[in-house]
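Trainee: I have not seen this structure before. Could we go through it and ask where each description comes from?

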Amino acid sequence: MSVIAVAAAGMIDEEAIAEAESSLGSVFGMKTRRLPPFPEPSYAYDAARNQYSSTLVLRDALGRKPQDVVKLLVVVDADVFIPMLSFVYGQAQLDGPVAVLSLTRLRQEFYGLPENRPLFLFRIRKETLHEIGHCFGLTHCRDPLCTMCLSTSIQQLDRKQAEFCDGCAILARDAVRAMGDSG
Amino acid sequence: MRKHWEILVVDDEPVMRESLAEWLMEDGYSVDTAASGKDAVARAREKDYAIYFLDLKMPPGIDGIETMLEIRKLHPEASVIIITAYATVDTAITAMKEGAQEYVVKPCSPEEISLLVGRIIKVKNLQRENFILRKKLTRHYRFQDIISKSAKMIEIFDLIREIASLRSTVLIQGGSGTGKELVARAIHYSGSRADKPFVAVSCGALAETLLESELFGHEKGSFTGAGERKPGKFELADGGTLFLDEIGDISPKLQVDLLRVLQERSFFRVGGSEEVTVDVRVIAATRVNLQEAVAAGHFRDDLFYRLNVINIEIPPLRERREDIPLLAHDFIERLSHELGKEVDEINEGALKLLFDYDWPGNVRELENAVERALVTAKGHVLTEDDFTFLRRAQQNGNGWVAPDNVALDEVQKQVIMATLRRTGGNVKEAASTLGIDRSTLYDRMRKYAIER
C-alpha cells in the first residue's frame, strides 16, 4: 500500500512535525509515515542571500524518498527561496512526489511579534495541505478561504482556512483515488 | 472557462529556470523552459506564449534583449518580462524601449511577480474576450455572406429581404469588386427560390456565339463542335435564379434575344425549333453605367427598362470605410485558416493603413491585400509592415501629373498602372477600360515591368 510521508531536514520542533503529519492523514485518508530525519540542509545554503535554496532541498529529498512513499513532504526550519523570489513558504513539484515546507516565516517572532503557538501550528497545517495539494496536481485556487489559494504574505496565509474548498476537495479525492488508495 | 495560458521561462541557470517554472505551474500555467536565447527563439517559432520571462544576461549566444527582438519579430505583440540580477537605469530603459512589457529585478517579492503575471493575463483575457465579441459582432453584421454595418448597405439588406421572393428582374450596379454576385446570391438564398438552382454567367468572358449557346443551349450538330444537345443556363436555372454578370458587355443581337426571353419566358435553343419555356428570375449586374450606355446607343433602352425593375446600387468601399475593420477581421479569420497560418489579429497601425487607402478594387482588393499580407506574415498579428505594398501603390498612384517633355512610354506606363490600380489588378477590366485587348495589355505590362 502506498504511503504519504513527512520528514524533517535536521532538528525540527517535534510538535511542528507532528502537526504536519496529522494534517496529511486527516485530509488525504492515506496511510502516513514519519521518516527518520534527513541531514541539515547546509548543502542548500546561499551565503549571498543568507537563505536556503528550496530547489536543492527538493532535489536532495527526491534521492532519499523510499520507493513505497508516493508523496513526501520535507519540513525545514530555515528560510527558503527560489532565485527569482525573495522568499517562498514552500515549494512543490506539481503532480510530482516531493514538496518542501519552511517553518521560518510561519512564526510570529519572524515579524517581531510575540510567540503564538496555536497560530504557528495552524499555519503549518494550512501550508502542509497546500504543498502536498500541489503534489496531487492541484493548482492555486481563486477562493481566498481555500487552503490552495496562493499566499504571498502572512496576512493572506492567515485569511485562508486549513481545508480545501469544495472544488479542490473533489480534485484531491480524485487524485488520491487515481492512485488506488481511496482509503 | 479559464484559458490555459502558456509561459516560456528562458534562463541559462537550471535552478533559476526550473524553480520559476515550478512556481508558475503551481499557479496553473502551462510552462516551457529554454536554456538559451537560441532555444527560446526556436520554441517561439513553434508556438506563441502568453508571457516570455527572459533573463537579460545569457552567455554564450544571444542575450535577453536580442532574444526579445527575435521573438517580437515572430510575435509582435508578445508580452516579454526581462529579468535581471542587478538594476541599472540604462538596461531598464533599453529593455522597455525595445518593447519589453515589464522589467523585474531578481529577487522580487512573490506578491510583485504574482501581480505582474496576473495583470498581463488579465489583459490577455480581455483581448481574447474582445476577439470573441468581435466575432459575435461580425455575425451580427452579416447578411448571408455580406458583412456590413454601413447605413447604405443596411438599406440594401432591407431591400433584399423585401424583394427576395418576388419574380421581378433586378439590376445591380457597382464598381469592380463591390460584391455584386454576393448581393445576387443573397437575394436568391433569402427568397422562395432558395432551394432551386442559382446559376451565374459572366457575359463579358465569352464571345457572342459562345455566350448565346451558353445561355440558351444548343441542339446536336447546330454548329461545329456541337456534338450533343446541351441545355443552356436558362434551362439549368429553371425554377431558380439566373445571374447575368457584366450585362453591359453583351452584343446587340443577344440584347434582342434576352429581351425576348424576359418578355415571353421562353426561347429556342441554338439550332433548335422547339420552344423552351422556363420559370427563371433574372438578376443582372453591371460595373458600367447602363443609362449612359443607353444614351450612347450601345444598349437597348427596352432591355434596360426590363432589367431595371428593381435597382440596387452598391457603394464603393471608400464610401463605407466603417466596414473595413469588420471585413479585414473576417478575411483574416477565413483566409488564415485556408492558408494554414496562425494569424488571428491585426494591429491598429495596419488597420489605419487599410482605412486610409482608397480601395479602387473595392472589397475584392481588400481581400486580396489581406491574403497577400497573410502569406508573408510571420507572427500571429498582421502589422503595417505586412501591408507596405499598399503604401507603395498609394504613393505611385497619388497626384501623378505629366511633366513637360515626358516620354510617351512613361505616360503609357503610368496610365496602365493607374488603370490596374483602379480595377484592383483585374487585367481584363483594365484592358477593356484602356480600349486594348488583354494580350496587348500583358505585353505592355511585361515591357514596363508592371505587376498586377
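Trainee: In which hand does helix 8 of chain B pass helix 10 of chain B?

Mentor: The crossing is right-handed. Keep in mind that this is a predicted model.

Trainee: What makes helix 8 and helix 10 of chain B roughly parallel to each other?

Mentor: Helix 8 (residues 208-216) and helix 10 (residues 252-264) of chain B pack at an angle of about 15 degrees, with their axes 10 Å apart. Angles under 35 degrees count as roughly parallel, and therefore these two helices of chain B are described that way.

Trainee: Which residues make that contact?

Mentor: Helix 8 of chain B brings B:Glu208, B:Leu211 and B:Glu212, while helix 10 of chain B brings B:Lys253, B:Leu254 and B:Asp257. By class, two are nonpolar, none is polar and four are charged. Leu counts as nonpolar, and Asp, Glu and Lys count as charged.

Trainee: What is the order of the strands in the sheet of chain B?

Mentor: The order is 2-1-3-4-5, in an open sheet of five strands with parallel pairing.

Trainee: Why are strand 2 and strand 5 of chain B said to stand at the edges?

Mentor: Strand 2 (30-34) and strand 5 (102-105) of chain B each have a single partner strand, so one side of each is left without a neighbour in the sheet. On average, neighbouring strands of this sheet are turned by 20 degrees against each other, direction ignored.

Trainee: How do you know that strand 1 and strand 2 of chain B pair?

Mentor: A pair needs at least two bridges. Five bridges join strand 1 (residues 6-10) of chain B to strand 2 of chain B, and the two run parallel. B:Val9 stands opposite B:Thr33 of strand 2.

Trainee: Which strands does helix 1 of chain B lie across?

Mentor: Helix 1 (residues 14-26) of chain B lies across strand 1, strand 2 and strand 3 (51-55) of chain B, and runs at about 170 degrees to strand 2. Helix 3 (residues 64-74) of chain B also packs on the sheet, where it touches strand 1, strand 3 and strand 4 (79-84) of chain B. The direction of helix 3 makes about 155 degrees with that of strand 3 of chain B.

Trainee: How many residues does each chain give to the contact between chain A and chain B?

Mentor: Chain B gives 20 residues and chain A gives 19. On the side of chain B, helix 1 and helix 5 (110-140) are the elements that give two or more residues. The largest share, nine residues, comes from helix 1 of chain B.

Key. Residues numbered from 1 in each chain as written. Chains lettered and ligands numbered in written order. Predicted model: local features only at pLDDT ≥ 70, side-chain atom pairs only at ≥ 80, totals over all residues. Axes fitted to C-alpha atoms, helices over the stretch in contact; angles between N-to-C directions. Helix = DSSP H or I, 4+ residues; strand = E, 2+ residues; numbered from the N terminus. Parallel < 35°, antiparallel > 145°, perpendicular 65-115°, else oblique. Left-handed = near helix turned anticlockwise from the far one by under 90°. Contact = placed C-beta atoms within 7 Å.
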